[in-house]
Each structure stands twice: as structure tokens, then as C-alpha cells.
Amino acid sequence: MSYERWINKGEDDLRLAELALENGIYDYAAFHAQQAVEKFLKAFLVKAGKPVPRTHDIAYLIELCKEVDPSFERLYDMNAHYLSDFAVEVRYPGYYTVPKEIAAEAIETAKKVLEFVLDKI
């Protein structure tokens, strides 16, 4: 799959995150923000000719991207790695419930990561 398709899928997730936020579905807003960031990082790996691991771990993906471009370290300053917390558990009852403010921050982080990755591709 081309890196463009990964970006497009991530942008779809970002739009879904924004729709979920607007409709008060904060857990899914955070989930889709995480999914977007995951896909943006995987797009970079595809563009760099690297294998794409099956993982939801944003920190691990950042580390793989850093092997190609050390400036991906800056994504830690954006707190992108914290979005991994929204990959699985928030989709099921009985786990952490995401407040509106945290969901909005997750979306803003995803937008920053998209801008960063597009600049690198």
C-alpha cells in the first residue's frame, strides 16, 4: 500500500475523531485520533521503504521513524506517544472514560503529527 493511502486513511480517522468530538462521543474521538497518528507514522515508514509493524504503540512507531529521521524525537514533545492509551481499552465498557478536554487535545496532537509527517515526506 502506498504512503498516500496511509495518509488518506489517517485523515479519515481524523475526520471521524472530529465528528465524534462534536457529537459528545469522546472515547471514540480519542480512539480515532490515535488511529490517525498511527497511520501517519506508518505512512512515513512506507515512504522510507521500511516494514510496517502491526502495532498500536505510538512510541514504538516513533522509535522506528527516528531510525530514519532523528527529528521524530520532537513527537515526544507533542505528547504523541500518550495517544497509545486510546488504542484499545476506551472502546470497551468498564475502562477509562475520556473527558472532552482530553479528546480535544488528542485531536490537536493528531493534527500536529500530520503536519510534521507531511513536512517529512
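## Crossing of H2 and H3

Helix H2 passes H3 in a left-handed crossing (the near helix is turned anticlockwise from the far one by less than a right angle). In this predicted model, local features need pLDDT of at least 70 and side-chain atom pairs count only at pLDDT 80 or more, while totals for chains, interfaces and linings use all residues. Residues are numbered from 1 along each chain as its sequence is written, and side-chain values use heavy atoms, without hydrogens and water.

H2 (residues 26-47) and H3 (residues 58-68) pack with axes 10 Å apart, at an angle of about 25°. The two are therefore roughly parallel (an angle under 35 degrees). Residues in contact (heavy atoms within 4.5 Å) include Leu41 and Phe44 of H2 and Leu61 and Cys65 of H3. By class, there are 10 nonpolar, one polar and two charged residues.

## Packing of H2 and H5

H2 and H5 have axes 8 Å apart and an angle of about 15°, which means that H2 is roughly parallel to H5. This crossing is also left-handed. Among the residues making the contact are Ala33, Phe40 and Leu41 of H2 and Ala110, Val113 and Val117 of H5. The contact has 16 nonpolar, no polar and two charged residues.

Beyond its neighbours within four places in sequence, Val117 is in contact with Ile7, Phe40, Leu41, Phe44 and Phe72.

How values were computed: Axes are lines fitted to C-alpha atoms, for helices over the stretch in contact, and angles run from 0 to 180 degrees between N-to-C directions. Helices (H or I, at least four residues) and strands (E, at least two) are DSSP runs, numbered from the N terminus. Angles under 35 degrees count as roughly parallel, over 145 as roughly antiparallel, 65 to 115 as roughly perpendicular and the rest as oblique. Ala, Val, Leu, Ile, Met, Phe, Trp, Tyr, Cys and Pro count as nonpolar, Asp, Glu, Lys and Arg as charged, and the others, Gly among them, as polar.
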